[in-house]
Amino acid sequence: MSDSVPLTTDHPGQVASATPPAPGRSRRLSDRGLAVAFISPALLLLLAMSVFPLLWALYLSFTDYSATRGGPAHFVWFENYTAILTSAQVHLRALTTLIYVVGAVALQTVLGFSIAYLISRRTHGRGLLTTLFLVPMMLSQVVVGLFWKFMLDAQFGVINSMLGSLGLGQVEWLTRQRTALISLIVVDTWQWTPFIMLIALAGLTAVPKYLYEAASIDRASEWFRFRTITLPLVWPLLLIAVLFRAIEAFRLFDLVYILTSGGPGVSTETLSFHVYKVAFLGFNTGTASAYGILMVLVVIVLTQLYLRYLNKLKED
Amino acid sequence: MAAMLVATTMAACGQDDGATSAPKAPATIPELTKDPLTLSFIWFDWPPAHALEAFANAEYTKVRSNVTIKVNTVPNANWHDAMFTQFAAHKTDFDIPILDSQHIGEAVTNGNILDITDFVKKNIDVKAYNPYLLAAYGQYPQAETGKRDENASLYGLPLLGDTWTMIYRKDLIGDKPPQTWDEMISVAEKCQADNPGVSGLAFHQANGSDAAAVTYNTVNGVYGGNLWDSKTRKINGVLNDAAGQEAMDVLVNKMKPLTAAGSGNWFIDEVNAAVAQGKACIAFNWIAASGGLLDPKQSTLGTTREEILDKLGFATLPSQKTNLVPLGGMGMHVSAYSPAANQAEALNFMKWFEQPDIQKKWAAAGGVPSRTDALESPEFLNAGPFNKVYADSVSRMRDMWNVPEYARLVDIENTNVNAALNGAKTPKDALNDIAKEQQGVLDSGSRKGGGGL
């Protein structure tokens, strides 16, 4: 048995090359070639659909190009960036977006974790409950926006009808400055709380049971167990969920478009909605590209800071 | 052909100097294909779009049996973007874009539609039209209100005329419609007080499309204001002069309190719904969108058309300092990026459509024609109770700006008027912001970078 092929090796590549090709396989196609053949469609798609547009947008962001006016793109260097960063209009949208992101993600985190915690304590029907809670997340944002638009309608909506039957007055959910942004946060929370719940539930079920058993033996209170065992172990996973949700909320467009069109006035216009207007109402492609690039940069910088914090948490 | 298109789509810098880059359509219609051909339109989704498709397939195929008409529709809010993103790609899946009159400047300066001046001279009887209607749906640079510049180029022909009609509840305020704007407001106020659950007024207030902007522009016109000085391209100081401020004050402080709670995002459908459900004493809406009000299936005002008409009246807008009314409707144009055979067919369709007998048939099918003989015909006047309103309004119409910057100008006006109507801004601040921001857009031609903010 001394000439048999070893089952494991430190150099799997060498073993692979020593293996005779399967019958019918082209002798010219090496394993590396095969790997390239398999990867290249996805790679080409990624290059064509993501990398190239990003680089092209980066180039356009330094020009005054307009997609409809055509003609050559003239370099304006950092003029688009300067204009965006110093624009009061952009600052206003940034503040609206910040309020929205903080409000929606905070609410979703509290609710999502609470629901997950309650579900994790159940022994029966946990799967069914989880599935039911996940339904909103499966729906298209446009569909969610449309049916909430009907539900929140001040005249004919079911929400005001219910408030009316309780003897409360009508609320102009989508046409008043304060309530419009709150409505957006509520609708987003309705749809995306299940996402936080799902991640939190995964974290909660992964907490080793023996820790709770040891705490019980020591007669630790429920609150003490939650504070010293549950929360610290679930926290890093929860933060990842928060990161994903914050990025998603930062680029909110669909719900604004359907529910408020950015109104009343521009009070619910988020950065993404504003980019859309710059890009398609005036077809200022250069400015819109710079705007988009800046938004990507903001997400990248914030994500980096966040990940560093997560790593530090892990090390601690 | 491709080289010509590329050459003709070279940038015009957005200056309203009349310099355009639109390619020219031939004066004579080229030979038409005998192969099956689909002639595609693009419009927004509303009843006239469906009426046009049915009408054209029924009538045009009698003369061109190999042609099928397809009217592609998109939601109103996406209408401009759906057309102009395709124009930007220099490839369109439509042959005949139906443009709002205000879109003409943008399409012409970008070379997106054909210059049909020579074609019109040779094939269309221009004297059969009210000159302003012909100008509003096709001329660029824009005509002075009420006139047509015969030396200016034409880029489109009228497809559907339109204006606002006042819809009033005869059973609540009487058979005689209010004659002045002030009278209209006091009648609405009394009606609202006398009929709990029914609001005095219903009108467009949304911040999408041109909803709130048209509402303000209408009141502005009635109270003697101007949108701009087109010769000097001045808005700041013109729009927000004393007349403009008075109009904004009337709209926000006198009219808005008479509307239903939460109506700050209403547009065509919501106003129609309020009327059909008996929730408004007086409403304003586009005539072309009012047909559904007479459908008993969509109304709680009666079980037959006659019963509904016993309660609903349609009248021209009340006047005040002037009798101006908003010009609505759209023209048809030819995409510069359509195949040659489709462009030829499009020209042939336009020639066919503008014939007197076809215009009358279009009127009978629910359309609003623009030829004077069709407007005065019994086919049109008897087709709907609001058609006489349109005929009586033609001489009173005023349009907005049709400059290349239109999309941004109207967005600024929409969002600010909407803000004022919903308490997010004071009327004065809103109007001053509109004037300042719109002026900034018109003056930004030489600006480097940051355009569109």
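Modeller: Of the 316 residues of chain A, 33% count as buried. Please keep in mind throughout that this is a predicted model.

Colleague: How many helices and how many strands does chain A have?

Modeller: Chain A has 13 helices and zero strands. Read from the N terminus, the elements therefore run α-α-α-α-α-α-α-α-α-α-α-α-α, and the radius of gyration of chain A is 27 Å, well over the 20 Å that the globule rule gives for 316 residues, so chain A is more spread out than a compact globule.

Colleague: What does the C-alpha trace of chain A span along its principal axes?

Modeller: The trace spans about 90 × 75 × 40 Å. As for contacts in chain A with a separation of 6 or more, 70% of them are accounted for by residues 24 or more positions apart.

Colleague: Which domains does the assignment give for chain A?

Modeller: The assignment gives domain 1 (12-50) and domain 2 (79-315). The C-alpha centres of these two domains of chain A lie 42 Å apart.

Colleague: Let us turn to helix packing. At what angle do the axes of helix 10 and helix 13 of chain A cross?

Modeller: They cross at roughly 175 degrees, and the axes come within 11 Å. Helix 10 covers residues 222-250 of chain A, and helix 13 covers residues 285-315. Angles over 145 degrees count as roughly antiparallel, and helix 10 and helix 13 of chain A are therefore roughly antiparallel to each other.

Colleague: Which residues meet there?

Modeller: From helix 10 of chain A they are A:P236, A:L239, A:L243, A:I247 and A:F250. Their counterparts in helix 13 of chain A are A:V299, A:T303, A:Y306, A:L310, A:L313 and A:K314. By class, this contact between helix 10 and helix 13 of chain A has nine nonpolar, one polar and one charged residues.

Colleague: And helix 9 of chain A, is that covered or hardly covered?

Modeller: Helix 9 of chain A, residues 209-217, is hardly covered: among its nine residues, the count of buried ones is zero. Just after helix 9, A:R219 takes a positive phi of about 60 degrees.

Colleague: On to chain B. How many helices and strands are there?

Modeller: Chain B has 19 helices and 13 strands. The radius of gyration of chain B is 22 Å, close to the 22 Å that the globule rule gives for 453 residues, so chain B is as compact as a globular protein of that length. Along the principal axes, the C-alpha trace of chain B spans about 65 × 55 × 35 Å.

Colleague: What percentage of chain B is buried?

Modeller: Buried residues make up 58% of the 453 residues in chain B. Among contacts in chain B between residues at least 6 apart in sequence, 71% join residues at least 24 apart.

Colleague: How is chain B divided into domains?

Modeller: Domain 1 of chain B comprises 33-162 + 328-398, and domain 2 comprises 164-326 + 403-444. Their C-alpha centres lie 26 Å apart. In the contact between them, 27 residues of domain 1 of chain B touch 24 residues of domain 2 of chain B.

Colleague: Which element gives the largest share on the domain 1 side?

Modeller: Helix 17 of chain B does, with four residues. The residues on that side of domain 1 of chain B divide into 11 nonpolar, 11 polar and five charged.

How values were computed: Residues numbered from 1 in each chain as written. Chains lettered and ligands numbered in written order. Predicted model: local features only at pLDDT ≥ 70, side-chain atom pairs only at ≥ 80, totals over all residues. Axes fitted to C-alpha atoms, helices over the stretch in contact; angles between N-to-C directions. Helix = DSSP H or I, 4+ residues; strand = E, 2+ residues; numbered from the N terminus. Parallel < 35°, antiparallel > 145°, perpendicular 65-115°, else oblique. Contact = placed C-beta atoms within 7 Å. Nonpolar A, V, L, I, M, F, W, Y, C, P; charged D, E, K, R; others polar. Domains from an automatic or database assignment. Rg over C-alpha atoms; globule rule 2.2 N^0.38 Å. Buried ≥ 20, exposed ≤ 12 C-beta atoms within 10 Å, placed from the backbone.
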